[in-house]
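Biologist: I have a model open and I'd like to learn how to read it. Can we go through it feature by feature?

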Amino acid sequence: MQILKDGTHRLFEHDAETAALVTRMLLALEREGMDAVRRYSRQFDDWAPDDFELSPAQIAEAVGRLSAQALRDTEYCQDNVRRFAEAQRQTLLPLEVELRPGVILGHRHIPVNAVGSYIPGGRYPMFGSAQMSIIPARVAGVKRIVACTPPVKGQGWYPATINAIHKAGADRIFALGGVPALALMAFGLGGVEPVDILCGAGNRFVAEAKRQLFGRCGIDLLAGPTEILVLADDSADPALVACDLLGQAEHDPNSGVCLICRSEEFGRRAMAEVERQLAVLPTRDVAELAWRDNGIVYVAGSAAEAVELSDRYAPEHLELHVADVDYYLAHLTNYGSLFIGEETTVAYGDKTIGTNHILPTSRAARYTGGVWVGKFLKTCTYQRMSREASVETGEVTARQCELENMLAHAITARVRVERYRGGA
């Protein structure tokens, strides 16, 4: 491996100051309820309406402010997400098998009852995030979906976000951001019943609140700064590779931006393209910092080494700009979502194509995938058996329990053996 540019692979690190602040806020929110919600919302977002929940009339007004083209485009994106989630759901089948004569085991996929969806605002109003958590939950069969999104500071809400949340299928919509929003959904404040799972990306305070609320309810995953890794050989277009790297770099100064290529010449051409495009990029103020601090360019000596380096980085988004896509598809194992060939790009997955953009970061792709319809389903097992099978199983169970000195357990098995032996 040759290093042409070395930067920091930004990980989701425990920040003691952030954690302490979030802890204090959550304690106050649970103790004081909506009084604390209103106080924090006024402090951070200059927003403290009589009611944070949008009425049907307010939703209709927000939708009515959008152009017909914006409405059609959102419907296009949501249709793709919905159809893919439905296809995923069809792969999740119930199971029942007779493992031994009279011993029947099975599982069912049962949707959780309530989901709290957080749709981020901040630097960019990422209204496309609405469909990524709400639609898969609805397709999974979740009965109740509450959505929160931050207000535009001191002004109200972003119409495109409200439209996306509404069309995706949320039952209730709140113009509320950050830690108070998660507390409202997790604790059940302001007339909201507590949810079973919190879902959605956000800033470090949102991520820390999810971490601390886990156990009180479920969470989808802990998302840190976004990441892109482009794996390119000499058949790739360095200008297109640079364009895609900068496409993710504009998210945040902490965005992870990595290129693994197969020759020094290509790597240097791609780096020169990044600098050339940065000079005219409208969001240069953010992207330039991400590239300066976190940009990484490696030259791999072989396809196998390229795979090893990529799997070690375990990126949120992984693009393949290579001639032999089949080799990489067969061997890569650690990524949130894979974009195969130059014809597709991360922006398609983020906004339009139908796969989910709530994905693992900070090397979490080593052990989890992103949000999908299965995130909102519990796979629950069951068992039943005949009396004859209960005798056979009970004898083995009793002996196993006695070896562990769990004598009350053993008695529950012995009772059944005695009751059912001889067909009584």
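Predicted model: local features only at pLDDT ≥ 70, side-chain atom pairs only at ≥ 80, totals over all residues.

Biologist: Is Leu95 buried or exposed, or something in between?

Modeller: Buried means under 20% relative accessible area, exposed means over 50%, and partly exposed is in between (1.4 Å probe, protein chains only). Leu95 is partly exposed, at 41%. Of the protein's 424 residues, 50% count as buried.

Biologist: How many helices and strands are there?

Modeller: They are DSSP runs numbered from the N terminus: helices are H or I with at least four residues, strands are E with at least two. The protein has 16 helices and 14 strands.

Biologist: Which residues of helix 11 are buried?

Modeller: The general idea first: an α-helix has 3.6 residues a turn, so residues three or four places apart point the same way. In helix 11 (residues 284–294), the buried ones are Val286, Ala287, Ala290, Trp291 and Asn294. Down the helix axis they fall within an arc of 125°, so they line one face of helix 11. That arc is taken from the directions from the helix axis to the C-beta atoms. The face turned away from the buried side carries the exposed Asp285 and Arg292.

Biologist: And what covers the buried residues of helix 11?

Modeller: Think in contacts, meaning heavy atoms within 4.5 Å. The cover includes strand 1 (2–5), helix 9 (238–249), strand 10 (256–261), helix 10 (264–278) and strand 11 (295–299).

Biologist: Now salt bridges: how many does the structure hold?

Modeller: A salt bridge is a side-chain nitrogen of Lys or Arg within 4 Å of a carboxyl oxygen of Asp or Glu. The structure holds 17. One of them pairs Arg216 with Glu30, the closest N and O atoms being 2.7 Å apart. That pair links distant parts of the chain, 186 residues apart: Arg216 is in the loop between helix 8 (204–213) and strand 8 (218–219), Glu30 in helix 1 (residues 16–32).

Biologist: Which residue does Asp79 bridge to?

Modeller: Arg83, with the closest N and O atoms 3.4 Å apart. Asp79 and Arg83 are separated by about one helical turn because they are four residues apart in helix 4 (residues 68–91). Arg83 is exposed at 54%, whereas Asp79 is partly exposed at 32%.

Biologist: Last one: where is Asn356?

Modeller: In the loop between helix 14 (346–351) and strand 14 (377–385). Asn356 is buried, with a relative accessible area of 12%. A polar atom of its side chain lies 2.6 Å from the backbone oxygen of Met132, and one lies 2.9 Å from the backbone nitrogen of Ile358.

Terms used:
Residues numbered from 1 in each chain as written. Heavy atoms only, no water. Polar contact = N/O pair within 3.5 Å; in protein donor to acceptor, adjacent residues only side chain to side chain.
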